[in-house]
Amino acid sequence: MFFLTILTALFQTLQTQTFQSDLTFTIADQSTQPLNYTGKLIMCGEQFELDMLGYRMAYDGATLYMYQEETNELTLSKPSREELCESNPFLLAQEVAKLSDVTENVTNSGIVTVSLLPQQPIYGVERVELRVHRDHNVPLSISVWEGTKQSKLTFHKSNLSTEKHSFVLDVPGAIINDLR
């Protein structure tokens, strides 16, 4: 079961090291042209910071911070597990993997594609696909299918480090909406 080793190694790597990457977020539907957006992701375990589309979002393990540049508002909340899975695709993949049939494909260049097919949709997700470099445990992309919609994060200029990150957004002068 090579793929379980790869999947386990990837999840362990993401728990113990800080993953940083530029990314392209693609949303595709059968009836429309794909939409592409760029951003940046920093994560370690369940904690993450995402900067995309004029929003900055961070989760420090207890509080979800959402900053909207246009309105200069910072919203703080205590997210549910489902809300965290909607915000962090690797957390979603871990949840889906627990109740899925898992298949894998390895290319000659060492790229492993792991497909997670849950017996029934989890949070509306019907399939998750991760592409990982076998030798480095660095994620290359993650795709999520919900009905006819596919969301894909493709990672560019990625790196792993043991450097710690705070995952707390502090925006001086922002209007604070504390929903905790």
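## Aromatic pairs, core and pocket

Four aromatic pairs are found in the structure, which is a predicted model. One of them joins Phe19 and Phe90 in an edge-to-face arrangement, with 6.3 Å from centre to centre and 75 degrees between the planes. Phe19 belongs to strand 1 and Phe90 to helix 3, so this pair ties together parts that lie 71 residues apart in sequence. Ring pairs also bring in Phe155, which forms a cluster with Phe19 and Phe90.

| Residue | Relative accessible area | Class |
|---|---|---|
| Phe19 | 0% | buried |
| Phe90 | 3% | buried |

The largest nonpolar core has 38 residues, and Leu41, Phe48, Leu116, Val128 and Leu130 touch the most other members. Helix 3 is the top contributor to this core, giving six residues. Leaving aside residues up to four places away in sequence, Val128 has contacts that include Ala93, Val96, Leu116, Ile142 and Trp145. Another core lies apart from it, with eight residues, among them Ala58, Leu74, Leu169 and Val171.

Finally, let's look at the largest pocket. It holds about 660 Å³ of space. Its lining comprises 28 residues, and Phe25, Leu50, Glu86, Ser87 and Pro89 are the ones nearest the centre. By type, the lining has 20 nonpolar, four polar and four charged residues. Among the elements that each supply at least two lining residues are strand 1 (18-29), helix 2 (81-87), helix 3 (89-98) and strand 11 (149-161).

Note on methods: Residues numbered from 1 in each chain as written. Predicted model: local features only at pLDDT ≥ 70, side-chain atom pairs only at ≥ 80, totals over all residues. Heavy atoms only, no water. 1 Å grid on protein atoms, 1.4 Å probe; cavity = no way out; pocket = protein on both sides within 12 Å on 5 of 7 lines; lining within 4 Å. Points joined across faces, edges and corners; volume = space filled by probe spheres on them. Helix = DSSP H or I, 4+ residues; strand = E, 2+ residues; numbered from the N terminus. Nonpolar A, V, L, I, M, F, W, Y, C, P; charged D, E, K, R; others polar. Core = buried A, V, L, I, M, F, W, Y, C linked by side-chain atoms within 4.5 Å. Buried < 20%, exposed > 50% of the residue type's maximum accessible area, 1.4 Å probe, protein only. Contact = heavy atoms within 4.5 Å. Phe/Tyr/Trp six-rings, centres within 6.5 Å; stacked < 30°, edge-to-face > 60°.
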